[in-house]
Amino acid sequence: MTESPSPPTDLAAGYLFLSYSRADQAYVRRLAGDLHAHGFAVWFDDQIDLGERWWPTIVQAITNCKAMVVVMTPEAEASVWVHREIMLAQRFGKAILPLLLRGEGLTLLIDQQHADVRAMQMPPEAFYSRLRQVVARAAGQGPAPGTPPQGRATPPDDTPEPNL
């Protein structure tokens with residue numbers, strides 16, 4: 001039995017997990033290069049060696065990543081593995097930043113704002129700025145995205161809770 005390769009685990013700098021369909025691999029390779037040029041470490045499944053057990057390696061990579069970038073296309077929407085990666089990231093409370101490359105987006109991410117890269121371009125600078133914020137928060141330099149504030153929550157309609 002071979003050991004699973006270790007994804008990056010530098011918790012100080014962190015890394016981004018890229019989720020995508022194999023049909024979009026050429027774009028993802030370009031994206032990874034652009035992310036590197038913007039100072040981000042990335043991990044995606046091309047780093048799994050032949051003969052390795054890939055699902056445990058992917059689980060470990062998602063567990064240790066600072067955030068997930070999802071390349072949304074119709075092929076990604078049809079991929080059970082992309083859906084599993086997203087659900088795992090959600091379970092672990094990872095920030096997910098979607099990029100719309102083709103199609104209408106993913107149903108699992110219907111409530112999230114995305115960056116439009118449908119002309120096969122790289123993401124806009126605002127996307128990288130947001131990634132820097134997310135990675136900084138995940139590294140312990142601020143609250144994680146989506147973390148509720150401390151203290152008692154107010155009901156959504158701003159009606160005070162009844163005394164019990």
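**Close-up views of cores and pockets**

**View 1. Contacts of Leu131.** Leu131 touches Leu16, Leu35, Phe40, Val69 and Leu97, leaving aside residues up to four places away in sequence. The model shown here and in the other views is predicted.

**View 2. The largest nonpolar core.** This core has 26 residues. Leu16, Leu31, Leu35 and Leu131 have the most contacts inside it. Two or more residues each come from strand 1, helix 1 (25-37), strand 3 (67-72), strand 4 and helix 5. In soluble globular proteins, nonpolar side chains tend to be buried together.

**View 3. The largest pocket.** Its volume is about 340 Å³. The pocket is lined by 15 residues, and Ile96, Leu97, Pro98, Gln113 and Arg130 are the closest to its centre. Strand 4 (95-100) and helix 5 (125-141) each supply at least two lining residues. By class, the lining comprises 10 nonpolar, 3 polar and 2 charged residues. Leu97 of this lining also touches Leu131.

**View 4. The second largest pocket.** This pocket holds about 230 Å³ of space. Of its 15 lining residues, Arg22, Asp45, Ile58, Trp81 and Glu85 are the closest to the centre. At least two lining residues each come from strand 1 (16-19), helix 2 (54-64) and helix 4 (80-91). The lining divides into 9 nonpolar, 3 polar and 3 charged residues.

Note on methods:
Residues numbered from 1 in each chain as written. Predicted model: local features only at pLDDT ≥ 70, side-chain atom pairs only at ≥ 80, totals over all residues. Heavy atoms only, no water. 1 Å grid on protein atoms, 1.4 Å probe; cavity = no way out; pocket = protein on both sides within 12 Å on 5 of 7 lines; lining within 4 Å. Points joined across faces, edges and corners; volume = space filled by probe spheres on them. Helix = DSSP H or I, 4+ residues; strand = E, 2+ residues; numbered from the N terminus. Nonpolar A, V, L, I, M, F, W, Y, C, P; charged D, E, K, R; others polar. Core = buried A, V, L, I, M, F, W, Y, C linked by side-chain atoms within 4.5 Å. Buried < 20%, exposed > 50% of the residue type's maximum accessible area, 1.4 Å probe, protein only. Contact = heavy atoms within 4.5 Å.
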